[in-house]
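Hi,

Here is the structure I promised to pass on to you. Have it open while you read, and my notes on it follow below.

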Amino acid sequence: MRRIKATDWVPADGLRLEQAAIDVITQAGHFLVVAGPGAGKTELLAQKAAFLLQTNQCQYPRRILAISFKRDASYNLKDRVRLRCGKELSLRFDSWTFDTFAKLLLDHFRNQLPHDLKVSKDYQVLLNEKTILDYYEGVDRDFRFQNQDTKLMSFHTHSAFPLHSNSKGDIARVNTWRQMLGSTPSKLTFKMIMRLAEYIIRSNEPVRSFLRQTYSHVFLDEFQDATSIQYEFFKSCFWGSDCQVTAVGDDKQRIMLWAGAKETVFEDYQKELQAILKTLKMNFRCAPRLVALLNYLTEHLLGKTDFAEPDSRKPLDEGECFLWNYSSEKAEMASLLKQVKYWIEIDGLKANEICILVKGSLQTYVGNLIAYFQKNGLAARDESLLQDLIGQELVQYFIHAFYVIYDERSGESKRICLSFLANTSTEMTDEHLLSLEKSFYKFTRKVRETYKPSKKSEIDLIVKELIEFAGRSRIKNAYPIYTNDTFLDLTITQFIQELKLTVVPGQGIVRAIQRFAGENTIPVMTVHKSKGLEYHTVIFVGLEDRAFWTYKNQASEDNCTFFVALSRAKQRVVFTFSQSRTDGYGNIRIQKVSAIKEIVDTLTQSGLVDVADM
Ligand SMILES: Nc1ncnc2c1ncn2[C@@H]1O[C@H](COP(=O)(O)OP(=O)(O)OP(=O)(O)O)[C@@H](O)[C@H]1O
């Protein structure tokens, strides 16, 4: 691979970048990039990776590590880097979530833990943190019920190892850890995994220096969301080494404080690493009218002055914002159905370019709406249920292999499958890639001729064939998140189960895969789940006091949540208010906007929002 001189390097795909972004990409040092929504923070990381690899500033064989918060974000970043600098160089770019990275370290270096913290090989990951509470109940019932659930869950992983036994609480905690580690297999939450991984790194110099030798550059996306545990873990891994760190984030999108995000993370990082602060001012995502509205909210709702500039290539009046008031939930459902159908059938918008967001409980605010849409021929679904599964590389391979086998048109799907398969092989010559392509073609033909995927039972067999073709142990070696067999098997089982649920007799497997992958389906999610994503149109259902029931106690965080919702829209955003709405217990409740008057007033006073009684 030919190296590019640093002075000759230009951004991939002809993207125009701000000077501050170019500085961060091309200069050495630690950086903190603070910029608003749509400023291209994630894109900047992809371009910086391309620069470091193409110019060999990340010197071979060292690697770049990128840490994100959500699995789909880490997958997207890896994909962007692959597009920007090609497959071969991108093999030295690792993109994980915080949880996955900690888990990889634990899986590799588990044996370095002291005897009293031994973890069994095939430990089970508890996805529901509340399970911890049952262990506390078994260990010390009084202590368990003297503490609120959230307080106890946070207490469990609050301290780094070694743990003390100075008080009743400390003793209960030590014993709960002991019980969970000593179970067959050991039971761990992701936070526990991170604490253990952090301890391995901090207490073991050879492991620490191996990690620091491996990576010369580290990226942190959505840095405003980092929790104290994550920050401490990250510090133990890389502080005091020659690794150069670039963190990107947005203080206006600080909406995870309730989940433990560290409020002072920007300041601490800047102080401790002497990181250089850079700010970006563009908003490439949103149409100019929406950027103007975001700027109005920045000033009048968030009390800040860091305004964004829209992309100068877009006409200034582009973009729409509506506030629609309804007399009832029923009227709201009927009107939204009509409107969305119009956008899809007449304007030609794809269903998955329209997103429905809620602030509160998804079931309460849009449970009926999803059912109503389905009944009237519009597919919509709670995206959060499948987001983590679909984002996985193995599941992407399954999805696209089904397309290649049963929907021969799909060239892009073939590329994705071959890229997944090529990663599992150490041989990278053109000759090998060609022979891989040939054998994949033969394999897909054989599967097509052998199985009838309309029979649900044959789906298991097709997936088994796909695994065998890629090679289970090769998948485990190439994709470290699957090192743990339990996780690999869980992924496979979940994929099969969920796909079977989408099969409709008489409609064929391609339609089922499309449904599973969310094509032709309107994604529905909470604002918190929508972070980092973007859609042509965003419909925010329930701009009402009850949805913002926390407003009294955390107005600034809720204002940011509102800001995040608006900033997901590229072209159009709709906010709805209904005078009555059914609550979680089935009672019809009158809705108001007195607690969140500030939000509604700011919207209406901006002069940029069309308000209408529908
Ligand atoms: N330099 C650029 N020129 C044109 N488009 C860009 C540029 N940088 C990013 N984009 C586009 O703008 C959109 C937002 O980019 P990106 O997701 O990187 O922003 P972000 O700052 O991470 O946003 P957020 O914090 O809101 O998630 C994407 O569609 C991306 O492709």
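The chain is split into domain 1 (19-101 + 200-281), domain 2 (124-184), domain 3 (288-379 + 520-613) and domain 4 (386-517); bounds like these come from an automatic or database domain assignment. Between the centres of domain 1 and domain 2, taken over C-alpha atoms, there are 32 Å.

Keep in mind that this is a predicted model: local features need pLDDT of at least 70, side-chain atom pairs count only at pLDDT 80 or more, and totals for chains, interfaces and linings use all residues. Residues are numbered from 1 along each chain as its sequence is written. As for pLDDT, that is the predictor's confidence in each residue, from 0 to 100. The chain averages 90, and 99% of the residues score at least 70. The model also scores ipTM 0.98 and pTM 0.86.

Now the ligand. It has 17 residues around it, and Pro37, Gly40, Lys41, Thr42 and Phe284 come nearest (a residue is near if its C-beta atom, placed from the backbone, lies within 6 Å). Where does the ligand lie relative to domain 1 and domain 3? Both domains give residues to the shell around the ligand, so it lies between them. Helix H2 (residues 41-54) gives the most to that shell, with 3 residues. (Helices are DSSP runs of H or I with at least four residues, strands are runs of E with at least two, and both are numbered from the N terminus.)

Next, have a look at the sheet. It is open, with 6 strands in the order S3-S2-S6-S7-S1-S8 and parallel pairing; two strands pair if DSSP finds at least two bridges between them. At the edges are strand S3 (93-97) and strand S8 (276-280), each pairing on one side only. From one strand to the next, the twist averages 20° (axes are lines fitted to C-alpha atoms, for helices over the stretch in contact, and angles run from 0 to 180 degrees between N-to-C directions). Strand S2 (residues 63-68) and strand S6 (residues 215-220) run parallel and are joined by 5 bridges.

The peptide bond from Tyr60 to Pro61 is cis, with omega near 5°, and Pro61 sits in the loop between H2 and S2. Thr184 and Pro185 are also joined by a cis peptide bond, with omega about -10°. Glu222 isn't a glycine, yet it has a positive phi of about 50°; look for Glu222 in the loop between S6 and helix H12 (228-238).

Cheers
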